Amino acid sequence: MTTRSFAGVGRSINRDGATAGREAAREAMGALEGRAPSIVLVFATAGHDQEALVRGVREATKGAPLVGCSAEGIVTRHGSEEVTHAATVAVIASDEMWFETFSVPGFVDDPAGAARALSSMIATRGRDDGALLALFPDGIGGDCRELLETLEATLPAPLRIVGGTAGDLLRFERTWQYEGDRVLHGGLSALLIGGAVEPEVLVTHGCDLVGSQRVVTQAQGGWMERIDDRPAWSFFQEYLADGTDTLEAMHVAHLLVAEKVGGDEVGIDDFTVRVPVRLDATRGALYFQAGLRAGTRVQLAVRNPEKVCARAVAAAREIAARRGAKPLLVLDLECAGRGALLFGHETTPRLIAPVQREFDDRVPWVGAHTYGEIAPVAGRTWFHNYTAVLCALYPRTR
């Protein structure tokens with residue numbers, strides 16, 4: 001017997017936040033055949049009034065549990081939409097899966113404290129059959145490496161962890177995190193899923209290593225200050241156009257630092273990549289959302305568009321073949337550097353549509369362009385940049 005679970009996805013490009021929230025939510029709710037949603041997942045671009053958007057979704061879903069974050073763009077069956085005003089809403093109704101939502105303020109100021117607070121809240125709920133923890137932290141500040149390491153050390157039981165960091169419009173100024181009626185800035189939201197569900201997760205990138213290994217010789221609090229005893233920024237400037245002295249949005253797709261992850265899995269060549277999101281020109285230091293500690297051996301990497309596409313399709317094919325059944329929902333978290341910054345107006349035909357074709361076209365699809373991705377590799381949860389995380393939720397059969 002298969003679980004009785006239903007899922008739907010809606011989207012809106014209406015410029016009014018409340019209207020967009022209602023439109024996207026009502027479209028998603030149409031797939032539930034009159035059932036009340038057990039969970040609501042929301043991603044929206046930063047041009048919207050975020051509070052109004054969440055109110056609109058809450059109105060249309062009658063106050064059902066809600067979680068999500070702002071994003072640089074959304075990804076649905078309509079493809080990739082990196083515009084100022086776009087919102088997508090996914091809903092699930094299930095009698096045999098369960099969902100718990102959480103929000104923690106202050107992640108940017110105290111990542112380890114936020115992790116301990118989240119672990120404590122999860123322990124308090126007393127669930128013993130959790131299958132997946134999805135995280136949506138602020139995408140500009142906060143050390144995600146510290147967050148993940150503390151979480152794995154303090155969670156009451158091991159969990160598979162995935163997620164994406166909240167984005168804005170490549171301005172790197174402010175992002176938002178949603179839980180219920182709350183709209184946070186600088187915090188994190190989270191979703192714990194359990195019960196009769198079997199998630200399948202793969203993370204992929206399409207990068208090639210260049211040059212020789214270097215050593216981070218000075219780093220603190222997410223700031224990489226020196227590489228091989230040289231200012232980190234001057235090291236990167238060698239690979240940029242002459243005279244570049246500011247960190248701009250296009251650099252997010254070019255400035256890649258590779259770190260070994262200890263496992264050559266599907267789509268990962270034993271390394272993950274990171275990109276800087278802030279520059280301190282006075283010190284020549286670069287800020288990474290998952291700190292690279294002093295002594296870490298790193299190597300530069302360059303993007304390979306053909307590999308990006310080929311590996312994403314291979315990952316989708318791998319996941320689709322694992323269960324031999326149709327997933328309830330696919331969550332697709334794509335780095336902002338894998339969208340228009342890389343493919344221009346061809347993101348959907350070159351990347352998103354080929355990946356979606358590996359699944360039944362009736363499978364609901366929800367996702368976002370994020371500032372960073374979270375997924376396990378070689379038995380450990382990593383923060384990644386320039387990757388895609390595919391997470392397919394399969395109802396457990398019995």
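Author: Start with pairing: two strands pair if DSSP finds at least two bridges between them. Strands (E, at least two residues) and helices (H or I, at least four) are DSSP runs, numbered from the N terminus. The model is a predicted one, where local features need pLDDT of at least 70 and side-chain atom pairs pLDDT 80 or more, while totals for chains, interfaces and linings use all residues. Residues are numbered from 1 along each chain as its sequence is written, and side-chain values use heavy atoms, with hydrogens and water left out.

Reader: What makes β17 and β18 a pair?

Author: They are joined by 4 bridges. The rule asks for at least two, so they pair. The two strands run antiparallel. Opposite E259 stands T272 of β18.

Reader: Why is E259 called buried?

Author: Buried means under 20% relative accessible area, exposed over 50%, and partly exposed in between (1.4 Å probe, protein chains only). E259 has 6% relative accessibility, so it counts as buried. Its place is in strand β17.

Reader: And why is K260 called exposed?

Author: K260 has a relative accessible area of 53%, so it is exposed. K260 is also found in β17, which spans residues 256–260.

Reader: Which residues does K260 touch, not counting those up to four places away in sequence?

Author: Q213, D270, F271 and W382. Touching, or contact, means heavy atoms within 4.5 Å. R322 is another matter: its C-alpha atom and that of K260 are separated by 27 Å. Along the chain they are 62 residues apart.

Reader: What is E259 in contact with, leaving aside neighbours within four places in sequence?

Author: With R145, D270, F271, T272, R274, L292, T296 and W382.

Reader: What makes the link between the side chains of E259 and R274 a polar contact?

Author: It spans 3.0 Å. The limit for a pair of N or O atoms is 3.5 Å; within protein, one must be able to donate a hydrogen and the other to accept it, and residues adjacent in sequence count only if both atoms are side-chain atoms. R274 belongs to β18, where it points the same way as T272. F271 and V273 point the other way, and all four are buried.

Reader: How do you know that β12 is largely enclosed?

Author: Count the residues: 8 of the 8 in β12 (188–195) are buried, so the rest of the structure largely encloses it. Both faces are covered, with L188, A190, L192 and G194 on one side and S189, L191, I193 and G195 on the other.

Reader: Which strands are joined to β12, and by how many bridges?

Author: β7 (97–104) has 8 bridges to β12, and β8 has 7. Both pairings are antiparallel. In β12, I193 is the bridge partner of F99, and L192 is that of L133.

Reader: What does the largest nonpolar core hold?

Author: It has 39 residues; L41, F43, I92, I193, L329, V366 and L393 touch the most other members. Strand β8 (130–137) gives the largest share, 4 residues. Such a core is a set of buried Ala, Val, Leu, Ile, Met, Phe, Trp, Tyr and Cys residues joined through side-chain atoms within 4.5 Å. A second, separate core has 29 residues, including L256, I352, F359 and Y386.

Reader: Why is α8 called largely enclosed?

Author: In α8 (347–356), 7 of the 10 residues are buried, so the rest of the structure largely encloses it. The buried ones are T347, L351, I352, A353, P354, V355 and Q356.
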